[in-house]
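Keep the 3D view open as you go.

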Amino acid sequence: KKISEEKAKQFYEFCVLTNAKGVFMSWYLLAHCYLQGFGTEKNFSKGIRILEDEGNKGNEIAIHSLARRFFPKGFDSLADANTARDPTPEDYDKSLYWSGKGAEKGLLSQKLTYGIVSLLKEKSKTLQNSTAPGRLSHQAFTYLVEVANSDFSEAPEAQFLLGRVYYRDWK
C-alpha cells in the first residue's frame with residue numbers, strides 16, 4: 001500500500017524532531033528520508049552526510065549502510081536498488097573505505113564486502129586497461145580467508161571467491 005504524501009511529510013517531520021532530540025536511530029530514518037525523497041525532496045548528499053557523521057563516530061549500522069550504499073551494481077542483493085548504477089573508481093574507494101572501517105571493528109559482513117569490492121575493483125581495472133589481472137591486496141585476501149573459515153552465514157560465498165582467486169592466480 002502506497003503512503004500518502006501527507007503521511008510521508010509527517011513522518012519526515014517526525015524524523016527531524018526526534019533526530020534533534022537525539023532519539024536512538026532517528027538519524028538513520030532521517031538519512032533515508034533524504035536518500036529516497038520520502039516526505040521531503042530527495043537530497044543524496046544530505047542523506048550521505050548524515051550517515052557519514054554517524055559512521056565517523058563508529059556507528060556500525062551507519063558503516064554497514066555506507067559500505068553497501070556504494071557497493072557496485074551487479075551484486076543487487078547488496079547494492080541499494082535505488083542507487084545501483086555502474087560503479088565509478090570513487091564508488092569502489094568509498095565502499096572499501098567504509099567496509100574497511102567495519103572490518104577493523106571485526107564485522108565479518110564488512111570483511112566479506114571488502115573482499116568482494118577489492119575483487120570487483122581489480123576486475124574493473126583489468127577490463128578498462130585490457131591488462132593482465134592485478135593481485136588481490138593482502139588485506140582483502142586475509143579478510144576473505146577469515147570469513148571463509150568462520151561460522152558466518154556468508155562463509156560459502158567467501159569460500160567460492162577464494163577459489164576464484166586461486167584459480168585466476170590473483171593472490
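**Notes on salt bridges and helix packing**

1. Start with Asp93, which counts as partly exposed because its relative accessibility is 39% (buried means under 20% relative accessible area, exposed over 50%, partly exposed in between, with a 1.4 Å probe and protein chains only). Asp93 forms a salt bridge with Lys121, and the closest N and O atoms are 2.6 Å apart (a salt bridge is a side-chain nitrogen of Lys or Arg within 4 Å of a carboxyl oxygen of Asp or Glu). This pair links distant parts of the chain, 28 residues apart: Asp93 is in helix α5 (residues 89-104) and Lys121 in helix α6 (residues 108-129). Helices here are DSSP runs (H or I, at least four residues), numbered from the N terminus. Lys121 is partly exposed too, at 24% relative accessibility.

2. A word on the ground rules: this is a predicted model, where local features need pLDDT of at least 70 and side-chain atom pairs count only at pLDDT 80 or more, while totals for chains, interfaces and linings use all residues. Residues are numbered from 1 along each chain as its sequence is written, and side-chain values use heavy atoms, leaving out hydrogens and water.

3. The whole structure has 4 salt bridges by this search. Another of them joins the side chains of Glu146 and Lys111, at 2.7 Å from N to O. Glu146 sits in helix α7 (residues 138-148) and Lys111 in helix α6, so this pair ties together parts 35 residues apart in sequence. What about burial at the two ends? Glu146 is partly exposed, with a relative accessible area of 35%, whereas Lys111 is buried at 7%.

4. Lys9 is partly exposed at 40% relative accessibility, and Glu13 is partly exposed with a relative accessible area of 38%.

5. Now look at α2 (residues 26-36). It is largely enclosed by the rest of the structure, since 8 of its 11 residues are buried. Trp27, Leu30 and Leu35 are among the buried ones. The buried residues of α2 pack against α1, α3 (44-56) and α4, where contact means heavy atoms within 4.5 Å. Just after α2, Gly37 takes a positive phi of about 70 degrees.

6. How do α2 and α4 (residues 60-69) cross? Their axes come within 11 Å and cross at roughly 20 degrees; axes are lines fitted to C-alpha atoms, for helices over the stretch in contact, with angles from 0 to 180 degrees between N-to-C directions. The two are therefore roughly parallel (under 35 degrees; over 145 is roughly antiparallel, 65 to 115 roughly perpendicular, and the rest oblique). On the α2 side, Trp27, Tyr28, His32 and Leu35 meet Ile61, Ala62, Ser65 and Arg69 in α4.

7. Compare that with α3 and α4, whose axes come within 8 Å and cross at roughly 135 degrees. That makes α3 oblique to α4. Residues of α3 in this contact include Phe44, Ile48 and Leu51, and those of α4 include Ala62, Ile63 and Leu66.
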